[in-house]
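Student: Hi! I have a new structure open and I'd like to talk it through with you. Can you help me find my way around?

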Protein chains: 2
Amino acid sequence: MPKQTYTISELAHEFGITTRTIRFYEEKGLVHPLREGQKRLYTPADRVRIKLILRGKRIGMTLQDSVELIDMYEPQRNNTRQLHSLISSVKERRTTLLQQRKDIDDMLAGLDEVQELCEQALGKRRNKVAGTKRK
Amino acid sequence: MPKQTYTISELAHEFGITTRTIRFYEEKGLVHPLREGQKRLYTPADRVRIKLILRGKRIGMTLQDSVELIDMYEPQRNNTRQLHSLISSVKERRTTLLQQRKDIDDMLAGLDEVQELCEQALGKRRNKVAGTKRK
DNA sequence: CTTTACGTTTACGTTAACGTAAATTTTGGC
DNA sequence: GCCAAAATTTACGTTAACGTAAACGTAAAG
């Protein structure tokens, strides 16, 4: 069984962020910890939300973007209208994600080239030395 | 032959950014336009740099990050020390890019699920209606 | 020659996402 | 029952990446 609750510093340590950041996320309505007296107690759901927010941040999404994405997973939507709206949100988000993946692949290809050139240059240098030695 | 120079508003229009943004990039040393009197004239190289900066922005890189990445393509480095240093920079960058691609793939998988659920819900609804009709 | 459109410099303003610090509880351990 | 560690609230500060506005130059068109 997963632990039922977490303290703020537990989560801060696990994710490598500060408690300030977690409280800031609460201010923005991204998490809703319970209270035990004064102390905040985070549920596994809160923990997951923080994880998803940090994932979003890694690819340059704003907190608001992440919230919208997370909300897609929690379908409070029942009627046809809202379902269609949700589907089109999904499609939009997918489009930008695909663009981002293309950007990343392009950069990776560029890095491969750079490394190739570096290693060639280093290789030639070693060969030169080896050549002079042999002579 | 590609055009030899561009005005600031040509580039701004092409990339969907403002002239202010382009001048800001110059302040930060990201581009180095020529001058014809007072007016800035951008070379194809400047144009490419802006393109790469915008690509970086799309995946959440800072301008400084983009500059460092772009500099990898312009190898002023001759000695072995610098070549090794460049290679390790390349490796670091590749690591974060791979993490980002994984994040994106995870999100895309999540979106697929959401859409699946939506379409199932809509499908059932249509069947319901069709069912009542048939009766 | 005077609009009209584009370009320039200078400078203050704005927003997101926290950092940092101070003052004040709260609490688990001895 | 006390103390140090951890938590809380409040509030001002910071950085990146531009936005916005004012005040001015210039050049081609009518």
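Student: Let's jump right in. Is the crossing of α3(A) and α4(A) right-handed or left-handed?

Tutor: Those two helices of chain A cross in a right-handed way. Keep in mind as we go that this is a predicted model.

Student: Okay, and at what angle do α3 and α4 of chain A pack?

Tutor: The angle is about 125°, and the axes of helix α3 (residues 44-58) and helix α4 (residues 63-73) of chain A are 9 Å apart. That angle makes α3(A) oblique to α4(A).

Student: Why give both an angle and a distance?

Tutor: Because two packed helices are described by the angle between their axes and by the distance between those axes.

Student: Which residues of α3(A) and α4(A) meet?

Tutor: On the α3(A) side you'll find A:Arg49, A:Leu52, A:Ile53 and A:Gly56. They meet A:Leu63, A:Asp65, A:Ser66, A:Leu69 and A:Ile70 of α4(A). Sorted by class, this contact has 5 nonpolar, 2 polar and 2 charged residues.

Student: Now chain B. What angle do α3(B) and α4(B) make?

Tutor: For α3(B) and α4(B) the angle is about 125° and the axes lie 9 Å apart. So α3(B) is oblique to α4(B). Their crossing is right-handed.

Student: And which residues of α3(B) and α4(B) meet there?

Tutor: From α3(B) come B:Arg49, B:Leu52, B:Ile53 and B:Gly56, while α4(B) brings B:Leu63, B:Asp65, B:Ser66, B:Leu69 and B:Ile70. That contact divides into 5 nonpolar, 2 polar and 2 charged residues.

Student: How can chain B be laid on chain A?

Tutor: With a turn of 180° and a shift of 0.0 Å along the axis, chain B lands on chain A with an RMSD of 0.1 Å. That is the relation of a two-fold axis. In chain B, the C-alpha nearest this axis belongs to B:Gly60, at 1.8 Å.

Student: Why do you say the copies meet through the same surface?

Tutor: Because 100% of the interface residues of chain B are also interface residues in chain A.

Student: New topic: the DNA. Which residues are closest to DNA strand C?

Tutor: Of the 19 residues that surround DNA strand C, the closest are A:Gly37, A:Thr62, A:Leu63, B:Ser9 and B:Arg40.

Student: Last one: what comes nearest to DNA strand D?

Tutor: There are 18 residues around DNA strand D, and A:Ser9, A:Arg40, B:Thr21, B:Thr62 and B:Leu63 come nearest. Here α1 (8-15), α2 (19-27) and β2 (39-41) of chain A, plus α2 (19-27) and α4 (63-73) of chain B, each supply at least two residues. The most, 3 residues, come from α2(B). The surface near DNA strand D has 3 nonpolar, 10 polar and 5 charged residues.

How values were computed
Residues are numbered from 1 along each chain as its sequence is written. Chains are lettered from A and ligands numbered from 1 in the order in which they are written. This is a predicted model: local features need pLDDT of at least 70, side-chain atom pairs count only at pLDDT 80 or more; totals for chains, interfaces and linings use all residues. A residue is near a molecule or strand if its C-beta atom, placed from the backbone, lies within 6 Å of it. Helices (H or I, at least four residues) and strands (E, at least two) are DSSP runs, numbered from the N terminus. Ala, Val, Leu, Ile, Met, Phe, Trp, Tyr, Cys and Pro count as nonpolar, Asp, Glu, Lys and Arg as charged, and the others, Gly among them, as polar. Axes are lines fitted to C-alpha atoms, for helices over the stretch in contact, and angles run from 0 to 180 degrees between N-to-C directions. Angles under 35 degrees count as roughly parallel, over 145 as roughly antiparallel, 65 to 115 as roughly perpendicular and the rest as oblique. A crossing is left-handed if the near helix is turned anticlockwise from the far one by less than a right angle, and right-handed if clockwise. Two residues are in contact if their C-beta atoms, placed from the backbone, lie within 7 Å. Copies are superposed by least squares on the C-alpha atoms of residues with pLDDT of at least 70 in both.
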